[in-house]
Amino acid sequence: MEFPGFLGNEEVKAALSAAFALRRFPHAIVLQGEAGCGKRTLAKLIAKALVCRNREKAPCGECPSCIRAGAGSHPDIRIEEGSGATRSLSVDAIKAVTADAYRMPEEADFSVYILLMGSRTSEAAQNKLLKVIEEPPEGAVFLLVCDSAEQLLPTIRSRVQSFTLKPPSLEEAAAYGREHAGLTEEQAEKLAALCGGNIGRMLEEAQGGTAAQAAEIAAAMAAGMMDKNGDALLKAALPLQKDRNLCREVLSRLTVIFRDACVLRAGGTSLLSGASKEADLLSGLPRNRLYRLPEIGEEFRQKLERNANMPLLVSCLCSRLRETAGR
Ligand SMILES: [Zn+2]
């Protein structure tokens, strides 16, 4: 199996390739990793390879199957995506997929189902899916795409091999930005660093995304939570009240700053947040306070996904941060 244009992740590629070459491609796999790291791109490449007519060099990109797959019109590849804020799949959607999986593929040897699981696919829907994974129809392949396999039922996780995708190196990501997104060398390097090599986020950012704003807000909040009075923190966090996506991004950046502070405190030097001044400031907190910070980021991310009231969520976050910092 070939992976044209898909960077990094060599171990994942080697494992998938080996299974494909042995004609033992699993009936179901999980592709997990942060948003923008290429899960969908890889799932589509796998689907294309499974229906490609040139097994030796699949996906060849040239046969009629590859061309239809590339155009999104291959009858044996189905992409299922949920709706609403959580983009979770409904029971009905899974029922439809299951029914479809019991018919023979129309053209290829496989029917491939790319299931974008969203963050909160219900237990009922997952149990339906579990049934078909346990006794998969001949030729059906399910590619489960999610940010984290933790979002899946343990019964599904235990039956399905998970592959974790990571962004490529900053150099590779910058080169991709230059070659495929028309970025200048300087823009490409800047965006690669800002997005930690996450190509999906780089492309989003190149079209006016929120990464730069989120980085600025997270740094201002980290500094603000250490301030004598709470006004600076509340002011920095104000834009989050009206923008759920921005809030999500700021929380993940804050978590990285907190992690950096813990690294500094432990005598390490390998920092990831790009906010070394703020991380250094936080690293002066007493150990028992400092080590509680990273989990606050995660806790509020979960609250955010539960459709919480945004102004309330943001004000709770600010008071928790100050309280934990002992302010
Ligand atoms: Zn082909």
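Two strands pair if DSSP finds at least two bridges between them. Helices (H or I, at least four residues) and strands (E, at least two) are DSSP runs, numbered from the N terminus. Keep both in mind for this talk.

This is a predicted model: local features need pLDDT of at least 70, side-chain atom pairs count only at pLDDT 80 or more, and totals for chains, interfaces and linings use all residues. Residue numbers start from 1 along each chain, as its sequence is written.

Let's start with strand 1. Buried means 20 or more other C-beta atoms within 10 Å of the residue's own, with C-beta atoms placed from the backbone. In a regular strand, side chains alternate between the two faces of the sheet. Here both faces are covered: Ala28, Val30 and Gln32 are buried on one side, Ile29 and Leu31 on the other.

Now the neighbours. Strand 1 runs parallel to strand 4 (residues 140-146), joined by five bridges. Strand 5 (residues 161-164) also pairs with strand 1 in the parallel sense, over four bridges. Which residues are the bridge partners of Gln32? In strand 4, Cys146. In strand 5, Thr164.

Next, the domains. There is domain 1 (10-164), domain 2 (170-209) and domain 3 (210-324). Those bounds come from an automatic or database domain assignment. The centres of domain 2 and domain 3, taken over C-alpha atoms, are 25 Å apart. Five residues of domain 2 are in contact with four of domain 3. Contact means C-beta atoms, placed from the backbone, within 7 Å.

Note on methods:
Two residues are in contact if their C-beta atoms, placed from the backbone, lie within 7 Å. A residue is buried if 20 or more other C-beta atoms lie within 10 Å of its own, exposed if 12 or fewer, and partly exposed in between; C-beta atoms are placed from the backbone.
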